[in-house]
Amino acid sequence: VRDSVAVVRLALDNVRDLNQRVLVAMPVPEEYLAALPKNAKEVLTRETARVLKNDAKIDVRRFISACAITSALTASDLMSKLQDAALVWEQKGPGSAATGASNARLIASQMRSRFPEAPQTRLETRKIGANGDVGLAAIEALSRVLEGRASLINQRLMDICHAAGLQL
């Protein structure tokens, strides 16, 4: 059973990674970019934007812990805001805005790893909806289905281990 759990977790990690790589490869829709505010402080709090822009070596774990995320929905909302702020900063060009964009993307990525059950962000949903590449669409959809199945199998294996009194 332990070997099965390890294999399923590895498959789950690989499928999640594939899904994220496909989403990154999809272009951001122009209308999404046009709808973003001109200042990241309108997306994030003033203090959060300042910390992300000015801290070249941000402590991601500490940042996430300080956000006091209580649910997968809360995590998804914060990831959406971080992705939007990164896009706003990227449109401004190099400098401290680049640091802010890099930090925001790093934190959003770490949050996705820490909260894999979180729903897709607004940006991810818009990318999927506007995507015209059939190959990327097929891979993204397949990876989502496989992720759901692998999560279900993982949960069932965990239930078996719990019922059998096995420690993992």
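Predicted model: local features only at pLDDT ≥ 70, side-chain atom pairs only at ≥ 80, totals over all residues.
Helices α5 and α7 sit roughly perpendicular to each other, because their axes pack at an angle of about 70°. Two packed helices are described by the angle between their axes and the distance between the axes.

**Where α5 meets α7**
- The axes of α5 and α7 are 7 Å apart.
- On the α5 side, the residues in contact are Asp-77, Ser-80, Lys-81, Gln-83, Asp-84 and Leu-87.
- On the α7 side, they meet Arg-122, Leu-123 and Glu-124.
- Sorted by class, this contact of α5 with α7 has five charged, two polar and two nonpolar residues.

**Where α1 meets α7**
- Helix α1 covers residues 2-25 and helix α7 covers residues 122-130.
- Their axes come within 10 Å and cross at roughly 70°, which makes α1 roughly perpendicular to α7.
- The crossing of α1 and α7 is left-handed.
- From α1, Gln-20, Leu-23 and Val-24 touch Glu-124, Lys-127 and Ile-128 of α7.
- By class, the contact of α1 with α7 has three nonpolar, two charged and one polar residue.
- Look out for Glu-124 in the structure: this α7 residue meets α1 and also meets α5.

**A closer look at α5**
- Helix α5 runs over residues 72-92, with 21 residues in it.
- From its first C-alpha to its last, α5 reaches 31 Å, close to the 30 Å expected at 1.5 Å a residue.
- Just after α5 comes Gly-93, with a positive phi of about 100°.

Key. Residues numbered from 1 in each chain as written. Heavy atoms only, no water. Helix = DSSP H or I, 4+ residues; strand = E, 2+ residues; numbered from the N terminus. Expected span 1.5 Å × (residues − 1). Axes fitted to C-alpha atoms, helices over the stretch in contact; angles between N-to-C directions. Parallel < 35°, antiparallel > 145°, perpendicular 65-115°, else oblique. Left-handed = near helix turned anticlockwise from the far one by under 90°. Contact = heavy atoms within 4.5 Å. Nonpolar A, V, L, I, M, F, W, Y, C, P; charged D, E, K, R; others polar.
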